[in-house]
Amino acid sequence: MAAGSVMVGAAPAQRESARDTTPVPLDRVIPAPASVDPGGSPYRITEDTRIRVDGSREARRVGEYLADVLRPSTGYRLPVTDHGRGGIRLRIAEGPYGSEGYRLHSGRSGVTLTAAGPAGLFHGVQTLRQLLPAAVEEDSEQPGPWLVAGGTVTDTPRFGWRGAMLDVSRHFFSVDEVKRYIDQIALYKINKLHLHLSDDQGWRIAVDSWPRLATYGGSTEVGGGPGGYYTKADYKEIVRYASSRHLEVVPEIDMPGHTNAALASYADLNCDGVAPPLYTGTKVGFSSLCVGKEITYDFVDDVVRETAALTPGRYLHIGGDEAHSTPHEDFVTFMDRVQPIVAKYGKTVVGWHQLTGAEPAEGALVQYWGLDRTSDAEKERVAEAARNGTGLILSPADRAYLDMKYDKNTPLGLSWAGYVEVRRSYDWDPGTYLPGVPASAVRGVEAPLWTETLSESGELEYMAFPRLPGIAELGWSPAAARDWEDYRVRLAAQAPRWDALGMGYYRSPQVPWS
């Protein structure tokens, strides 16, 4: 990227001089909480503060995570203990929170976070982080005071699927780079990490029964770089780390199209038995597995079996988009054969919305990535599937694709879906977006980040922020909370936090940055 194209905010010294002692209001966080009742004295974190947990291993893990966030910047010991009074208390207890909701109460004597399970506690901790000064994110000791506004936040998510997709196929990203992105999206209560693990340009996960997929198919990337792949140990580490941030990994093996890396690795997967060369361009729609060959289904079975065995989550994404080189009848045949294989290995099918051109399996989810200008016939096909029981994940490309340019001057990204500024990515309602879709069919939202033009963490950040927090809010907050004028002010207040975390981001002219 050209020097200066990733913009950051004020320097640390400027941040410190601008800091004041007024607590962050309870309603200043992203995503907007379901209910906020401000009032009473704030709580002040001091050198005597303890993080008290209720004795459960799950609460202790969240408590240790919170301590790891707070210790470097405050300089305090913040012991995690199940004894004492006051301080910051994390408790798991029955209540009207669901599996991911929480209650945060703050007053002079302490802060209490209550949730029905560890995911709720973790999400409550993300709210607590945003209620503290942005300097709490620094990795060196900072001046306080560390105040949490008084009052109560009661919060539950609108949708159960709040995803972020990272394409590691067009450009490969290391385990550490994926972990960095996990930490960034977890701050906004994202709970699904969809990894696009295979495409024309690269195969990124080791498969023991087909080793050349990774060693040869993963040996390059867009532009001809060295590529790379995840060993099984690497992938397990990503899954483990995501789980520690309460994100479920959803692996995607895209098929029958987007398969040139596999076709180049094994000649027998091609109808003519001839392996094509590796591909490092950015065109789509030219590749296809050979639907009529039985070895194709042996291949799919092996890949799904090995990937499913590494993935404790419920879902496995089979792609299905842009299979322009696969005749329609072959596409239907392929999906009829492949979806039962996914079920055989204990996973639920997710596919791009082209899966509705076949017959989605019972319980399958489809991910809609169409545009406002997508034909009414295609939208109706998706709506009909939804009315027949297929769940939908909303990722409209001209709203939610984080790789779309902000405007004509954006140095990164693509523009085939148009320009997507911050307001456009935020100002829509997933529950009513597609005509004819019952609200009950919408499982949630996801923000895909394709990487044809992105090759390093700073570039991911520049395209994801400030848009990703808005998609996260659409997934979490009540529909009535969606208000652009209020949101843009809350979004501007996130910038010092991103500065403290060392993140690059786009300073959209639509946002009143301080």
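## The disulfide and its setting

C271 is exposed, its relative accessible area being 58%, whereas C290 is buried at a relative accessible area of 5%. In this predicted model, the two cysteines are joined by a disulfide with an S to S distance of 2.1 Å, and the structure holds one disulfide. The link of C271 and C290 is right-handed, with 105 degrees about the S-S bond.

Both C271 and C290 lie in the loop between α7 (260-265) and α8 (294-310), so the pair ties together parts that are 19 residues apart in sequence. The two ends of this link can be assigned to their classes from the cut-offs: C290, at 5%, falls under the 20% that defines buried, and C271, at 58%, is over the 50% that defines exposed.

## The chain as a whole

The secondary structure of the protein chain comprises 16 helices and 17 strands. Its radius of gyration is 23 Å, close to the 24 Å that the globule rule gives for 514 residues, so the chain is as compact as a globular protein of that length. Taken along the principal axes, the box filled by the C-alpha atoms is roughly 75 × 50 × 45 Å.

Of the 514 residues, 59% count as buried. Among the contacts in the protein chain with a separation of 6 or more, 76% are accounted for by residues 24 or more positions apart.

## The enclosed cavity

Rolling a probe the size of a water molecule over the atoms shows where empty space is left. A search of the whole structure finds one cavity of 30 Å³ or more, and the volume of the largest cavity is about 50 Å³.

The lining of the largest cavity is formed by R158, Y426, W428, P430, E473, L474, S477, P478, A479, A481 and R482. By residue class, this lining divides into seven nonpolar, one polar and three charged residues.

## The second largest pocket

The second largest pocket has a volume of about 430 Å³ and is lined by 17 residues, of which R129, E137, R180, D183 and L501 lie nearest its centre. The lining of this pocket divides into eight nonpolar, one polar and eight charged residues.

Two helices, α2 (57-74) and α4 (175-186), each supply at least two residues of the lining of the second largest pocket. The largest share of that lining, four residues, comes from α2.

Key
Residues are numbered from 1 along each chain as its sequence is written. This is a predicted model: local features need pLDDT of at least 70, side-chain atom pairs count only at pLDDT 80 or more; totals for chains, interfaces and linings use all residues. Side-chain values use heavy atoms; hydrogens and water are left out. On a 1 Å grid over the protein atoms alone, a cavity is a set of points where a 1.4 Å probe fits but cannot get out, and a pocket is an open set with protein on both sides within 12 Å along at least five of seven lines; lining residues have an atom within 4 Å of a point. Grid points are joined across faces, edges and corners, and a volume is the space filled by probe spheres set on the points. Ala, Val, Leu, Ile, Met, Phe, Trp, Tyr, Cys and Pro count as nonpolar, Asp, Glu, Lys and Arg as charged, and the others, Gly among them, as polar. A disulfide is a pair of cysteine sulfur atoms within 2.5 Å. Buried means under 20% relative accessible area, exposed over 50%, partly exposed in between (1.4 Å probe, protein chains only). The radius of gyration is taken over C-alpha atoms; the globule rule is 2.2 Å times the number of residues to the power 0.38. Contact means heavy atoms within 4.5 Å.
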